[in-house]
Amino acid sequence: MKFLLEIEDELFLSLAERAKKQRVTIEELILARLAESADQRQDLDDEEIAAKVSQMSVFAYNTFDQDDEPFTVQMLFEEQYGKGVWQLLTDSCRKKIGRRFKAAVDEVLAKASHSEHEIKMVGKTAANAALYQLSAPKKTSLVERVSPKAFADASARSRV
């Protein structure tokens with residue numbers, strides 16, 4: 001089947017540049033991207049979700065500082081696993097990851113003393129995605145953070 005598609009010049013130039021870098025034709029590049037997005041989304045099981053949430057928490061504690069801008073679970077996931085990977089997950093899988101991350105954050109906050117770094121939910125985006133931020137410790141050094149293991153344990157217990 002042939003399909004005629006009109007695209008903006010800027011997008012075409014961007015596609016042409018990307019195709020050149022990948023040493024494929026523009027048509028091959030477009031067909032590959034369409035195939036990736038055509039119902040080939042991934043669904044993770046509970047163990048995989050728990051592992052990803054645990055890895056994301058460790059990454060957040062090791063990467064973000066209390067002075068950094070708030071982040072979403074999607075931003076954290078894509079920082080950890082690459083841009084666009086979040087979109088390859090099913091909607092229900094993304095929601096499970098978000099709920100599991102929030103449950104783990106809430107459990108760690110309930111157990112944490114006020115002298116430890118904490119990831120706190122600080123609001124929501126216009127798209128209703130939760131915003132998180134690493135809070136500052138009170139009179140402690142950066143070494144004394146909430147244990148990533150505690151976060152991983154909380155993630156494993158908060159099965160969705």
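This is a predicted model: local features need pLDDT of at least 70, side-chain atom pairs count only at pLDDT 80 or more; totals for chains, interfaces and linings use all residues.
**View 1. Y132 sits buried among aromatic rings.** F101 belongs to helix 5 (residues 91–111) and Y132 to strand 2, so the pair ties together parts that lie 31 residues apart in sequence. Like Y132, F101 is buried.

View 2. Searching the whole structure turns up five aromatic pairs. One of them joins F71 and Y132: it's tilted, with 6.3 Å centre to centre and 35 degrees between the planes. This pair links distant parts of the chain, since F71 is in the loop between helix 3 and helix 4 while Y132 is in strand 2, 61 residues away. F71 is buried as well, at a relative accessible area of 2%. Ring pairs connect F64, F71, F101 and Y132 into a cluster.

**View 3. Strand 1 and strand 2 make a hairpin.** Strand 1 (residues 118–124) pairs with strand 2 in the antiparallel sense, over six bridges. Look for M121, which stands opposite Y132. Five residues lie between the two strands, and N128 in the turn has a positive phi of about 70 degrees. Strand 2 (residues 130–135) is mostly covered, with five of its six residues buried.

**View 4. Helix 3 meets helix 4.** The axes of helix 3 (residues 46–63) and helix 4 (residues 73–81) come within 10 Å and cross at roughly 90 degrees. That makes helix 3 roughly perpendicular to helix 4. Helix 3 brings K52, Q55, M56, F59 and A60 to the contact, and helix 4 brings V73, L76, F77, E79, Q80 and Y81. Sort these residues and you get seven nonpolar, two polar and two charged.

How values were computed. Residues are numbered from 1 along each chain as its sequence is written. Side-chain values use heavy atoms; hydrogens and water are left out. Axes are lines fitted to C-alpha atoms, for helices over the stretch in contact, and angles run from 0 to 180 degrees between N-to-C directions. Helices (H or I, at least four residues) and strands (E, at least two) are DSSP runs, numbered from the N terminus. Angles under 35 degrees count as roughly parallel, over 145 as roughly antiparallel, 65 to 115 as roughly perpendicular and the rest as oblique. Contact means heavy atoms within 4.5 Å. Ala, Val, Leu, Ile, Met, Phe, Trp, Tyr, Cys and Pro count as nonpolar, Asp, Glu, Lys and Arg as charged, and the others, Gly among them, as polar. Buried means under 20% relative accessible area, exposed over 50%, partly exposed in between (1.4 Å probe, protein chains only). Two strands pair if DSSP finds at least two bridges between them. Rings of Phe, Tyr and Trp (its six-membered ring) pair if their centres lie within 6.5 Å; planes under 30 degrees apart count as stacked, over 60 as edge-to-face and the rest as tilted.
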